[in-house]
Amino acid sequence: MGDVKRTDEIQGEIIHVYDGIEEADNALPMWWLWTFYGAIAFAIGYWFVYEEFEMASSTPELFAEAMAARAAAGDVDAETLQVLAGDAATVAEGRETFQTTCAACHGAEGQGQIGPNLTDDAWLHGGGPLQIYGSILDGISSDRARLAGSSGMPEWGAALGQRRVQAVTAYLLTVRNTNVQGGRPAEGEPFDPNASPEEREAETPEEAPGESEHAVTGDEAPPGA
């Protein structure tokens, strides 16, 4: 490598030459420098606004809020429920509701008592977001319970309201497959997250003709989600 200073018509001042490769000493374009400095300033400002002082909601938080508003309006789908499962406030509300409403039969941590274990990967009536939501909202009728070999469960939609049913569903999605120690043995079929909605529906016990999903008798109190 040699230090050779000369001026080239196109490159300007040549300061180094190595193996036939010439290095020119040209100033960076001003537009590039201002873009670089602006990116640094933006990154610092972004960190203070979103991370340090939490003056604004991040894109994931805004998306979760939008999904919560969509769910509150009654437009519920698997994607909405899955997003709610990532929202800490919704999950906390769901856990609180579960503790006061569902723990008597499913255990304080969902490990199962009278009702089945909700923390393993096996589900009697389907472990997909919409299947869990439907089981809580509409309950488990006597015919569905018999087909699955489980106890029935009253519908909770009227008592809890749609928003809290969604919150409980979100909470259960976070404890699914966590396998709490001391839980009841697995019951039902393993949940396959890669199965299509049609395949999941086929795994869910069907209602007998003439049996309403909302029909719950007095001896069906133990939940069987």
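These exercises work through salt bridges, a helix and a glycine in a predicted model.

**Exercise 1. A bridge across the chain**

Find which residue forms a salt bridge with Arg-163, and say where the two partners lie.

Solution. 
- Start with the total: the structure holds four salt bridges.
- One of them pairs Arg-163 with Glu-93. Their closest N and O atoms are 2.2 Å apart.
- Check that value against the cut-off, which is within 4 Å.
- Now place the residues. Arg-163 sits in helix α8 (residues 157–175). Glu-93 belongs to helix α4 (residues 88–101).
- The partners are 70 residues apart, so this pair links distant parts of the chain.
- Last, accessibility. Arg-163 is partly exposed at 49%. Glu-93 is partly exposed too, at 23%.

**Exercise 2. A bridge within one helix**

Explain why Arg-146 and Asp-143 are separated by about one helical turn, then classify each as buried or exposed.

Solution. 
- The contact comes first. Arg-146 and Asp-143 form a salt bridge, with closest N and O atoms 2.0 Å apart.
- Both residues are in helix α7 (residues 142–148). They are three residues apart, so about one helical turn separates them.
- An α-helix has 3.6 residues a turn, so residues three or four places apart point the same way.
- Arg-146 has 58% relative accessibility, so Arg-146 counts as exposed.
- Asp-143 has a relative accessible area of 11%, so Asp-143 is buried.

**Exercise 3. The Arg-184 pair**

State the partner of Arg-184 and classify both side chains by accessibility.

Solution. 
- Arg-184 forms a salt bridge with Glu-187. The closest N and O atoms are 3.0 Å apart.
- Arg-184 has a relative accessible area of 27%, which means partly exposed.
- Glu-187 comes to 22%, so Glu-187 is partly exposed as well.

**Exercise 4. The span of helix α1**

Compare the span of helix α1 with its expected value, and describe the residue noted after the helix.

Solution. 
- Helix α1 covers residues 30–52, which is 23 residues.
- The expected span is 33 Å, at 1.5 Å a residue.
- From first C-alpha to last, the helix reaches 31 Å, close to that expectation.
- Glu-54 follows α1, and its phi is positive, near 50°.

**Exercise 5. A glycine in α8**

Locate Gly-161 and give its C-alpha distance to Leu-137.

Solution. 
- Gly-161 is in helix α8.
- Its relative accessible area is 23%, so Gly-161 is partly exposed.
- Leu-137 is 24 residues away in sequence. In space, the two C-alpha atoms are 8.4 Å apart.

Technical notes. Residues are numbered from 1 along each chain as its sequence is written. This is a predicted model: local features need pLDDT of at least 70, side-chain atom pairs count only at pLDDT 80 or more; totals for chains, interfaces and linings use all residues. Side-chain values use heavy atoms; hydrogens and water are left out. Helices (H or I, at least four residues) and strands (E, at least two) are DSSP runs, numbered from the N terminus. Buried means under 20% relative accessible area, exposed over 50%, partly exposed in between (1.4 Å probe, protein chains only). The expected span of a helix is 1.5 Å times one less than its number of residues.
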